[in-house]
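Please read them with the coordinates open beside the text.

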Amino acid sequence: RHAEFVALRDTPAITRDGVRVTVLANAGLVVDLDTLDETGAEGIGLFRTEFQFMVSEELPRLQAQTDLYRRVLDAAGGRPVTFRTLDVGGDKVLPYLEVEREENPALGRRAIRLGLDRPGLLRLQLRALLSAAAGRELRVMFPMIATVDEFRAARALMDAECEWAERRGKTLPASLRVGAMIEAPSLLWHLDALLPLTDFVSIGTNDLFQYMYAADRTNPLVSDRYDPLSPPTLRALQDIQRQCAETETPVSVCGELAGRPLEAMVLLALGYTRLSAPAGGVGPVKRMILSLDLAAARRGVAGLLGAPRPRSAMRWRLWPGS
Ligand code: PEP
Ligand code: MG
């Protein structure tokens, strides 16, 4: 199996009916970089920067952050890398960072909320990213954006850091793209205001579905209760895809969903062409794409979306090649 996926490494992911798909990998640790080439991923669609903070005994300093980001960009060797800013708080506690205890960590001051409340922390990270990507392409996205104002405020911190670097005569990245993660359902009804402010968006389905179904993703009693391929989620994903297409906003899906062949097939049928999967999912998803008749998948998913009675794509598990 593994050998089969390694053999697909340099084969572009194109469906049988000719649709080109970009398959990227999720990463977060230096060891992930060693396996990046083997997976055949075309880049890193989600680099979880909090891992460095979580394995560290003290707040990683500017230099340590810069070094890591530079290593990541070097390892990617010109392939695109999307860095996600610090996603801690809530249940991801950093021992050296003093934060209040919260009753409902998943609904608490996590991710960009903490970053905006502690702008020094976020600015340090943005400074490290800008410096690591001097003269190269830099892509940064903010996690858990729930309001348009949060994105505006986060982007303003990035602008301030760019000005800071410029004033000091530092080399800026050759290009800078700033995006939002779509993880909070509130954004589904405010994409018209958000998308014009972003350079791209990426859908974090793990959190988006947790909040849509009010089911804690870390609690096995409830995390598997909901079908991620039933009409509510399919419609949400379809809406996002349509609005991104209309506004020509690049969009990717980077939750675990994108790394499972059946679910990935449904994403492609909904019109997504950019997926970021856990490293182990890249090969299987590529193999699915190479054997996929996308037009047929589209018809199947359209049927599910229009079904009067809730049906699920899960029954397709038995489909060959899934
Ligand atoms: C997600 O929520 O789907 C996501 C990609 O982010 P994380 O799993 O790190 O919360
Ligand atoms: Mg998330």
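1. I begin with a pair of helices: H11 (residues 261-269) and H13 (residues 294-306) pack at an angle of about 90°, with their axes 8 Å apart. Helices here are DSSP runs of H or I with at least four residues, strands are runs of E with at least two, and both are numbered from the N terminus. Axes are lines fitted to C-alpha atoms, for helices over the stretch in contact, and angles run from 0 to 180 degrees between N-to-C directions. H11 and H13 are therefore roughly perpendicular to each other, given that angles under 35 degrees count as roughly parallel, over 145 as roughly antiparallel, 65 to 115 as roughly perpendicular and the rest as oblique. On the H11 side the contact is made by Met265, Val266, Leu268 and Ala269, and on the H13 side by Leu294, Ala297, Arg298, Gly300 and Val301, where contact requires C-beta atoms, placed from the backbone, to lie within 7 Å. These residues divide into 7 nonpolar, 1 polar and 1 charged; Ala, Val, Leu, Ile, Met, Phe, Trp, Tyr, Cys and Pro count as nonpolar, Asp, Glu, Lys and Arg as charged, and the others, Gly among them, as polar.

2. On provenance, this is a predicted model, in which local features need pLDDT of at least 70 and side-chain atom pairs count only at pLDDT 80 or more, while totals for chains, interfaces and linings use all residues. Residues are numbered from 1 along each chain as its sequence is written, and chains are lettered from A and ligands numbered from 1 in the order in which they are written.

3. Among contacts between residues at least 6 apart in sequence, 70% join residues at least 24 apart.

4. Around ligand 1 lie Leu46, Arg48, Asp87, Glu183, Gly204, Thr205, Asn206, Asp207, Cys254 and Gly255, each with its C-beta atom, placed from the backbone, within 6 Å of the ligand. Helix H9 (205-212) gives the most to this shell, with 3 residues, and by class the shell has 2 nonpolar, 4 polar and 4 charged residues.

5. Met144, in strand S4 (residues 137-145), has a positive phi of about 60° although it is not a glycine, and Met144 is buried, with 24 other C-beta atoms within 10 Å. Glu248, in the loop between helix H10 (231-247) and strand S7 (251-253), has a positive phi of about 55° and is likewise not a glycine, but Glu248 is exposed, with 7 other C-beta atoms within 10 Å. The cut-offs are 20 or more such atoms for buried and 12 or fewer for exposed, with partly exposed in between, and C-beta atoms placed from the backbone.

Conventions. Contact = placed C-beta atoms within 7 Å.
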